[in-house]
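Me: Could you take a close look at one pair of packed helices in this chain for me? I would like the geometry and the residues involved, with the cut-offs spelled out.

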Amino acid sequence: MVPTESIVIEGLSKRFGLQEVLKEITFSVPKGQTYCIIGGSGQGKSVLLKHVMRLMSPDRGIVKIDGEEIGTLSGEDLSRVRRKMGMVFQESALFDSMTCLENVAFGLFMHRREIPRKTILDLAREKLRMVGLPVSVEEKFPSQISGGMKKRVGIARAIALAPGILLYDEPTTGLDPVLAASIDELIMKMKKDLGVTSLVITHDMNSAFRISDRILFLYRGEIRFSGTPEEVRTTSDPLLSQFVHGETRGPIPVLSDETRVS
Ligand SMILES: Nc1ncnc2c1ncn2[C@@H]1O[C@H](COP(=O)(O)OP(=O)(O)OP(=O)(O)O)[C@@H](O)[C@H]1O
Ligand SMILES: [Mg+2]
């Protein structure tokens, strides 16, 4: 039976030295839905996303992808599960020495060796078109294109292997509002056209409200609030409200454990 949860995270904890970055994180993302993780800088968002890909291993807790626990996998089994996921990194993380087309084709060359070179390049071109990039970008190197274009190349690379799950680390940060909205459209298109499950980290509340089925607020390594966009918009949690509305209503919240909502 195919599980209805694409991503399951249970009791995930991670510390770096004395710093406890993730504390008993538990949530799951149903197949075909888009969940956003919001939270301030340094709250553990990127670390959490890296655990989903198993680019990091937890101290405690588990991650399941399509019902399969990834912590115990290695070699070809781990590669097989990783291929179900595409990741758009916070800093695009494109290979500087490759053209944009080669960047997008790279995963296909690595994992789909049976496909002829020309077909792979055609597939990569198709992905660049899908994210709305012009033909002129294909032969350019990442250093020769704008930040917004790099984000799009990063998305094209993430979707190249047609993954069922997409992980985005701040896909709209640093983009102007029009470009940010177009990236949101792209994320929603992936969901609608390809039925992908998405986990998106963002600071951008406009984006979170637009694309999310559910929003999780990460604060000091814990999920402090989880709700629909409407529940987040009307929250009475002072810290979340401050984050969402960029202002405080009433007294300035004290950033201490006493204010934590159980
Ligand atoms: N490999 C690592 N080794 C040690 N500490 C790390 C490592 N990766 C992250 N950290 C620490 O974990 C904390 C959370 O980092 P993380 O990158 O997840 O933050 P974030 O919520 O993504 O922040 P931002 O919004 O600024 O990207 C930070 O204090 C960071 O310094
Ligand atoms: Mg981050």
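Reply: Happy to! Helix H3 (residues 100–111) packs on helix H4 (residues 117–130) at an angle of about 120°, and their axes are 9 Å apart. Helices here are DSSP runs of H or I with at least four residues, strands are E runs of at least two, and both are numbered from the N terminus. Axes are lines fitted to C-alpha atoms over the stretch in contact, and angles run from 0 to 180 degrees between N-to-C directions. H3 and H4 are therefore oblique to each other, a class left over once angles under 35 degrees (roughly parallel), over 145 (roughly antiparallel) and 65 to 115 (roughly perpendicular) are set aside.

On the H3 side, the contact is made by Cys-100, Leu-101, Val-104, Ala-105, Leu-108 and Phe-109; H4 brings Ile-120, Leu-121, Leu-123, Ala-124, Arg-125, Lys-127 and Leu-128. Two residues are in contact if their C-beta atoms, placed from the backbone, lie within 7 Å. By class, eleven of these residues are nonpolar, none polar and two charged, where Ala, Val, Leu, Ile, Met, Phe, Trp, Tyr, Cys and Pro count as nonpolar, Asp, Glu, Lys and Arg as charged, and the others, Gly among them, as polar.

Please keep in mind that this is a predicted model: local features need pLDDT of at least 70, side-chain atom pairs count only at pLDDT 80 or more, and totals for chains, interfaces and linings use all residues. Residues are numbered from 1 along each chain as its sequence is written, while chains are lettered from A and ligands numbered from 1 in the order in which they are written.

As for the setting, the chain has nine helices and ten strands, and its C-alpha trace spans about 60 × 40 × 35 Å along the principal axes.
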